[in-house]
Amino acid sequence: MLTGHGDAAEHVTWLAPEGLRDIDPEPFVRVHVEAALHRIDKSTRPILIAKSLGTRAAALAAERSLPAIWLTPLLSDPVVTAAITAGPAPALLIGGTGDRFWDSGTARATGKPFVEIAGADHALRVPGTVRDYTTALEKIATNIEQFLDFVRSEQPTNATFTVPGSPRDVR
């Protein structure tokens, strides 16, 4: 979806240290995202795609006016929600009603478009059959593709990079 459209992709990875959830993880996420921004071609305008813990980069995205796709954003955290809301660039939120960190009213209150998957948990898995899951993934992928097309039409040269959630259950 990304490189097939000629976008460069810069993947950000980390291993979240034990105890990160006991402190403010935003500086940890910020330094990883800033390092990725430093590595990309300066003639491009990046699009940030982040999941879970990675959505703690929302303040950085707002400061730099970076378009973003927030997968399972931590909407239960008012700091993350405020940063997503404050972001002047286009953003898309994707979450599920079965995720304890997702809140439909909060997503709506950000003023950003959002995709809500009925029953989906924090991993965006839905209960039911494999067909139910692939239908949910199709909805997610279609909305991401439409959002990327919109952002690309506003800024034709993009570097897209992804920020992971944590391999541990750290939020």
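Strand 4, which covers residues 91–96, is mostly covered, with 6 of its 6 residues buried, where buried means under 20% relative accessible area, exposed over 50% and partly exposed in between, with a 1.4 Å probe and protein chains only. Strands (E, at least two residues) and helices (H or I, at least four) are DSSP runs numbered from the N terminus. This is a predicted model, in which local features need pLDDT of at least 70 and side-chain atom pairs count only at pLDDT 80 or more, while totals for chains, interfaces and linings use all residues. Residues are numbered from 1 along each chain as its sequence is written, and side-chain values use heavy atoms, with hydrogens and water left out.

In a regular strand the side chains alternate between the two faces of the sheet. Here Ala91, Leu93 and Gly95 point one way from strand 4, whereas Leu92, Ile94 and Gly96 point the other way, and all are buried.

Strand 4 pairs in the parallel sense with strand 3 (residues 68–71) over 4 bridges, pairing being called when DSSP finds at least two bridges between two strands. Within this pair, isoleucine 69 stands opposite leucine 92. The chain passes from strand 3 through helix 3 (residues 78–86) to strand 4 in a right-handed β-α-β crossover, that is, clockwise from the first strand over the helix to the second when the strands point away from the viewer.

Strand 4 also runs parallel to strand 5 (residues 114–117), joined to it by 4 bridges, and glycine 95 has glutamate 116 of strand 5 as its bridge partner. Together with helix 4 (residues 104–109), strands 4 and 5 make a right-handed β-α-β unit.

As for confidence, the protein chain has a mean pLDDT (the predictor's confidence in each residue, from 0 to 100) of 87, and 87% of its residues reach 70 or more.
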